[in-house]
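Colleague: I would like to learn how to read strand pairing in a model. Please take me through one case.

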Amino acid sequence: MKKFLLVGLSLFTIAASESSFAQATFSFPKDTVKYAVQGYGTEDVHNDIKNETTGQLSLTWKIISESLPTSWETGFGLCDNVLCYGTNILNGTTQTSSPIPASGTMPFKMSMDFTSVVQGSYDFSVSVSDGTYTDTMTFVVEKFPTSVNSVNRTTDGISVYPNPARDELNVKFNANTGINYITLYNMIGKALTVYKVSASNSAKLDIQNVPAGIYFIRLTDAQGRVVGTRKFTRQ
């Protein structure tokens, strides 16, 4: 383990991960989908996946991390163009979509029955792959008395640059979000590095020992709640 003195943060741990570059064959609107709910009943939260190729495309996907309590698991569902899956996929089993037409879009959504779930902020991340190219999306769901029953479509204020990056990755975020930690993951959901953030609205991550490839970072606050995720490429 190596320790680095960084401007604005401290490096807790670091480990190497092999990853390869691949051209994107699909896309989705958001790396992080936030949803705040107040009330009861079933709500659908979409992050539909677009086929960016000129031929049919089948995808595999799986949940690579989740923090749902037992009460949330009861009404949980995650749906592609084949089926809506329940708690049986929370253990990371891989699902395969039906072919997506050329330049077409596959509905992909979380469907949650909030009738009996406890209040709190929870999240889960999904890895999507065509066998060569892999991308990751994260759903952050909150149920509090002050929540608004609508999808949060406003920006979370997170930006990363340069992207692609080589030795350093700059991360900027809103000061009022209270970011305390930034965790670096590979595209199969393995945590590689945890950074402690000391500045109120920015961090500079030392990635010179990280192998070339595609990664994503998760930003969390002092209570461990996910504020946002972002993807970047290490050259």
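Colleague: In what order do the 4 strands of the open sheet lie, and is the pairing parallel or antiparallel?

Modeller: Bear in mind that this is a predicted model. The order is β5-β12-β8-β9, and the pairing is antiparallel. The edges are β5 (42-46) and β9 (84-85), each of which pairs on one side only. Inside the sheet, β8 (residues 78-79) and β12 (residues 109-113) are joined over 2 bridges in the antiparallel sense. There Cys79 stands opposite Lys109 of β12.

Colleague: Which strands make up the open sheet of 3 strands?

Modeller: That sheet runs β3-β6-β11, with antiparallel pairing. Its edge strands are β3 (26-27) and β11 (105-106). β3 pairs with β6 (residues 49-51) over 2 bridges, antiparallel, and Phe26 stands opposite Asn51 in β6.

Colleague: How should I read the side chains along a strand?

Modeller: In a regular strand, side chains alternate between the two faces of the sheet.

Colleague: Why is strand β14 described as largely enclosed by the rest of the structure?

Modeller: Buried means under 20% relative accessible area. In β14 (residues 134-143), 9 of the 10 residues are buried, so the strand is largely enclosed by the rest of the structure.

Colleague: Which strands are joined to β14, by how many bridges?

Modeller: β4 (residues 32-37) runs parallel to β14, with 6 bridges; Lys34 stands opposite Val140. β13 (residues 120-129) runs antiparallel to β14, with 10 bridges, and Val128 has Asp135 as its bridge partner.

Conventions:
Residues numbered from 1 in each chain as written. Predicted model: local features only at pLDDT ≥ 70, side-chain atom pairs only at ≥ 80, totals over all residues. Heavy atoms only, no water. Pairing = 2+ DSSP bridges. Buried < 20%, exposed > 50% of the residue type's maximum accessible area, 1.4 Å probe, protein only.
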